Structures are given as structure tokens and as C-alpha cells.
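These notes are meant to be read beside the sequence and the model.

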Amino acid sequence: MKSNHLQAMALVVALTWSGATWAADTAQTPSLASRVTHYAANYTVNPDGSHREDRAWSMAVLKPEMVAGASRTSVSYDRQLQKVTVTEAYTRKADGRRLKVPKAGFKDAPDTTSGLQDLSIVFPDVAVGDTVVLAYRVTTSKPLFAGQFSINESFPKTDAYDDVRIKIDVPASMWSQDQARGFREVKRAEKAGRKVVEWAWDNPQPLKSAPPKLSGHELEEEAGVLFSTFRNQGDLAKAYGVPAQAKAIVTPKVRQLAEQITQDVKQAPREVAKALYDWVTLNIGNTGPCLRLGSVVPHDVDAILDKRTGDCKDHATLLQALLKAKGIASTQALINAGTAYSLPKVPVASLVNQVINHIPSLDLYLDTTADSVPFGMLPFADEGKPVLLADGHKDGLKTPVSPVGFNQQVMKTEVIVQADGSASGTVDVALRGLFAVNARMRLRQLTQVQSADMVKTFFESGGQKGSGSMVKDNARALRDTYGYRTQFKVDQWVKLPGPGSFTITPMFYSESPVADYVAAASQVVDEAVETACSSGHSIEEYRYQLPANMRIDQLPKDVKLDSDKLSYSATYQFKEQVLTVKRVFDDRTVGNVCTPAHAQAYKDFAAQAVPDSTVQVVFK
């Protein structure tokens, strides 16, 4: 379950671990590892948006595998702006005894990843048949945005809940709107200057859990409640934008830096913008979590330059100031960098968690926190997302997606097989688009020693003994292409003399192998859920120089498959002891959200390619 103000809720450890365990058909009672017997969240809001949360929950432990997960939980909070008071914390034994959490069972320490404070709680003597109980209060002295309040309480339908209650108490003078998904309204009243709304939900028979997947509309798959004092998404954008835009000022330091960065480039707006984008991307570190309580206003641009680090809003503010220094107008934009490709009608601050830049005159969106992404591109997580412009907001805007045919990989492999079955060779990989971005990100920090270890580990994973080295493109050159070349040796690639066989498969890591596309044949398709998707083009070329004592006995046949948006082909030739193979998978899917029908069609097509992609070359 998730809450927008507390990043780690009370049941994080327990519910996350057990989510895959609670699998059952909807038509029968599942064999549960645990069950939330009660959950309540009560919000009391002040006119300035500050508020108090009273939370209480209890969870029954039903199976041994849940004991460890149920024994520990945590509450995360902002130490500067929030106060946490635990009112109840105990283990209720099966015989009714209450074992309170001792003082030593509480540990309050900073979480270096989130920047928040983490209060961990260890329940004593938890066993099957027991129930763990926690109740606590969080008092927030300063709201995320002044005079505003919004929440998103969400609950997975794959988990078992006997009784869930959400209650919100706000001043009657505060305009508000709300939306419930699956919850039933049990109270809506206005009295003594206060407005109270309460909802209830239960889920005693959870849905059968599905394999992990990217969903285009993740929020709609969960039960929950949205509540907001923002009238529309534009108001939310303005609440962030007004103070943020005021920070994007051209100081003498910013002006001097902008001139220095662009002194050797053509002064066309696009070239100038690219130079500034590259500099911020490569020289300002990303400190991580961006929009959270107490941190919604960017730092001063000079301070960002002095520290050479900042979160997403600091990055966006600095780039905006640098662009302004060169006469290029831009604005900042809020998006969701998760797996949600739509926003609800009720504006909730927690559903926009990333700040990027927009240059209207160039029709470009830029994200300098992605240090492997070239100018003009966005990370996949940013593509196709609703945009809330901090200045000049318009409903319906979305970030662009990669054009069909842009994401490409060409992998060329040459293998020289010796008479004793050992082999050596090279693997050349040329990438473009998101594939280039991903490979640059994965490989940029590898040293020569680490690269050699990577080659060795690759062969060890297949039960072989191998070695090699790698040469990579310059990772600091932010281009939409990237490549690397690997040389390898493997002691016994095949067993000679034959007979035997081998499969046509990559001899080293590649970002987008044909096998990944064909793997869609085994994917689970949910007929009610859209999924995240993208296009891609993968070419694999193999050349095997075989020894005289190795004779091909059975050569695979050529294959050619086509559909509306997909194609697959494979060709095989053997001449003068040289076997050449070429496989091509072309995925012309228009991303970044695909219908269940498309997913099913993809699965059916991939199934046709499975026999060839796994075929073996038989030799004597």
C-alpha cells in the first residue's frame, strides 16, 4: 500500500514480500500467508495544509514463511517537518496475550537513499497464529504546497484486507474534490466549520496475482482513494512553478558560465541549447529523490553550481537559467517517471515525481538527470507521459516517444573454432536510440579489469571457461549511438570430434538480442490491462569458421515471418567450412502504451519464431 506523504508505510516489508505468495483464483479462498485484519488512516487537515495522520493496522500471520516479514516494519518521515508518535505496538499471541515492543525494538535512523528518517519497529516473538499491531500518529507542520492538501491511498487487490477505513477531515472553507476506486463512501458531512468524508473497503478474497509487468495505467489496477484541494492539474503545476521559476535567474556566475560553455559552438538556438544541456548533464550530479515534503523549491542556481549536485528540480532550474542567459525561453514541466501513463482527473501531487525542461521554440523536452541520454532524447521512463507545464500549462500535453525504427542494434559475431573444440573470436555491437542509452549507462563505469571479468562471467554462466577484453565508445560523448567490441577465447566451445550440436546464440552481452523479442511467446497477457511498450530493430550476424574435422550434418532452413507490425527472418549458408547466419527481428510497435490485443498478437507472432530461434546446428 502507498501513501503520498510517507514513503515507506507500515506494511512495506510484510506486504511487499508476501505479494507473490497470495496467489489464488477469484472463485476460491486463497491459501494466504497473512491477512490485514484492520487498516485505518485518518487525516485531520489545517487551513494552511499542514495536517495530522492517525494510522492503525493489524496483520495476522498465517504461514511460517510470513513470520520473518511480519516481525519487522518501518515508518519513514521528514525529521525537520514531521513528528512520529507510536501509540501502540505489540504482538498479540494466539492465546490473547499482548507482548509490547520493548524500547530496544525501536530504532530511529536516517535513510541515506531517500534522505528521510526511518523508524524501524521489531515485533517480539512472532509466530504462526499471532497478530502484529501498530498504531501511530504523524504530525506534519508544513505542507508539500502552501494551502494545499492531496493524498493517494492505494491498495493492491492481490492482497487480503478484512477492513480498511480512510477518513479525511478538512476545513469546510477548503475547496476539495475526491475519487474512490473500489471503496464505498460511508460518510460525508459538514458541521461546525469542518467537512468530513469517510470510505471503507474490504478484500477478503484477493485476486490471483500475476507476474510482474509494466502497466500503462497502474493506478487503475488498485483500489484506493484520491483527495485533493487542487482544482485541476494546471493549479498543481502552478503551485510548483511559481516558486521554481523565480529561482531560474541569470546571476553573473550563470551568465559567465553560459558564455564559456557556448563560446566554441554555432550560435543557432539548437546548438546552444545542446551545449548547455550536455554541460549540465555531464557536470551536475543527481542527488536522487526530487519532489517530497520540505523539498519542492529548487536551490539557488549559484549554490547548485558551487556544489555541482542537485535533484531533478535543481537540474531543471539551472538549465532554465543557462538557457535564459543565452536568450532561449524555456519552462519546467512535471511528469510521472514511473509506469503510469495517465493521470487521474483528481490532481494529486504524489503522482508527479519528476521535473524536466521544455523549450517551446524547439519543441523539445530535456531531462539532464539522465546522464547517458543525448540531447533531443528522453529516458524511456519519461516518454509518452502527461506533462504539467510550470508556465503556460495546457491540458492534454504529453512527452514524445521514440519514433519507429529509431531503436536499433546490430551485433556481428565472428567465431573461429579449432580442431580441439576451443574457439576465439570477436563480437561487435552497434547501437542506436534507447538501446545506445541503456548500454552506455550499463558499461560506462567498467574498468578494463571489470570488463575482462564480465567476459569471464558470461562464459561461466553457460558452464564454460572463457576470457576476453572489451573496447568501448567514449561514454561522455552523448550521442544517440554507442558501440563496443569484445574479443574472447573459450577453452571448449564444442566437443570434438563429434557428433554434436550447438545453438546460434550471442557470444557476449548485447542490449537487445533477438531472443528478447522471441521471449514474448511466454509472456502472460492480461486482457484487462494495457502495458508499456516500444519499437525495436535487432540484427544478429554470425560467421563461424569451422575446422576440417567438423562437418555440418544438418543445416537449419531459412525462415521469413511477417505481420502488420512485426517481422522475423533467418538465413543460413554453409560454404568451404564457413557457416554464416543472419537473424532479424523488426518490431514496429508505436509506443509507449499497448493494448492487450496487441500484446496477444505479439505473443502469437513470437511463438512462430521460437522453433527457429532455438534450432541447433548438428555436426559430425
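1. The model is a predicted one, in which local features need pLDDT of at least 70 and side-chain atom pairs count only at pLDDT 80 or more, while totals for chains, interfaces and linings use all residues. Residues are numbered from 1 along each chain as its sequence is written, and side-chain values use heavy atoms, with hydrogens and water left out.

2. In α4 (residues 252–262), the buried residues are Val254, Leu257, Ala258, Ile261 and Thr262, where buried means under 20% relative accessible area and exposed over 50%, with partly exposed in between (1.4 Å probe, protein chains only). Viewed down the axis of α4, its buried residues fall within an arc of 115°, so they line one face of the helix. The face turned away from that buried side carries Pro252, Gln256 and Gln260, which are exposed.

3. α4 and α7 pack at an angle of about 70°, with their axes 9 Å apart; the axes are lines fitted to C-alpha atoms, for helices over the stretch in contact, and angles run from 0 to 180 degrees between N-to-C directions. The two helices are therefore roughly perpendicular to each other, a term that covers 65 to 115 degrees. Val254, Arg255, Leu257 and Ala258 of α4 make this contact with Ala321, Leu322 and Ala325 of α7. The residues of the contact of α4 with α7 divide into six nonpolar, no polar and one charged, counting Ala, Val, Leu, Ile, Met, Phe, Trp, Tyr, Cys and Pro as nonpolar, Asp, Glu, Lys and Arg as charged, and the others, Gly among them, as polar.

4. The axes of α4 and α5 come within 9 Å and cross at roughly 110°, which makes α4 roughly perpendicular to α5. This contact is made by Leu257, Ala258, Ile261 and Thr262 of α4 and by Val272, Ala275, Leu276 and Trp279 of α5. The residues of the contact of α4 with α5 divide into seven nonpolar, one polar and no charged.

5. Threonine 140 lies in strand β8 (residues 131–140) and is buried, with a relative accessible area of 3%. Its side chain is joined to that of glutamine 82 by a polar contact of 3.0 Å. Leaving aside neighbours within four places in sequence, threonine 140 is in contact with Ser50, His51, Glu53, Leu81, Gln82 and Leu293. A polar contact is a pair of N or O atoms within 3.5 Å; within protein, one must be able to donate a hydrogen and the other to accept it, and residues adjacent in sequence count only if both atoms are side-chain atoms.

Notes:
Helices (H or I, at least four residues) and strands (E, at least two) are DSSP runs, numbered from the N terminus. Contact means heavy atoms within 4.5 Å. The arc is that of the directions from the helix axis to the C-beta atoms. Angles under 35 degrees count as roughly parallel, over 145 as roughly antiparallel, 65 to 115 as roughly perpendicular and the rest as oblique.
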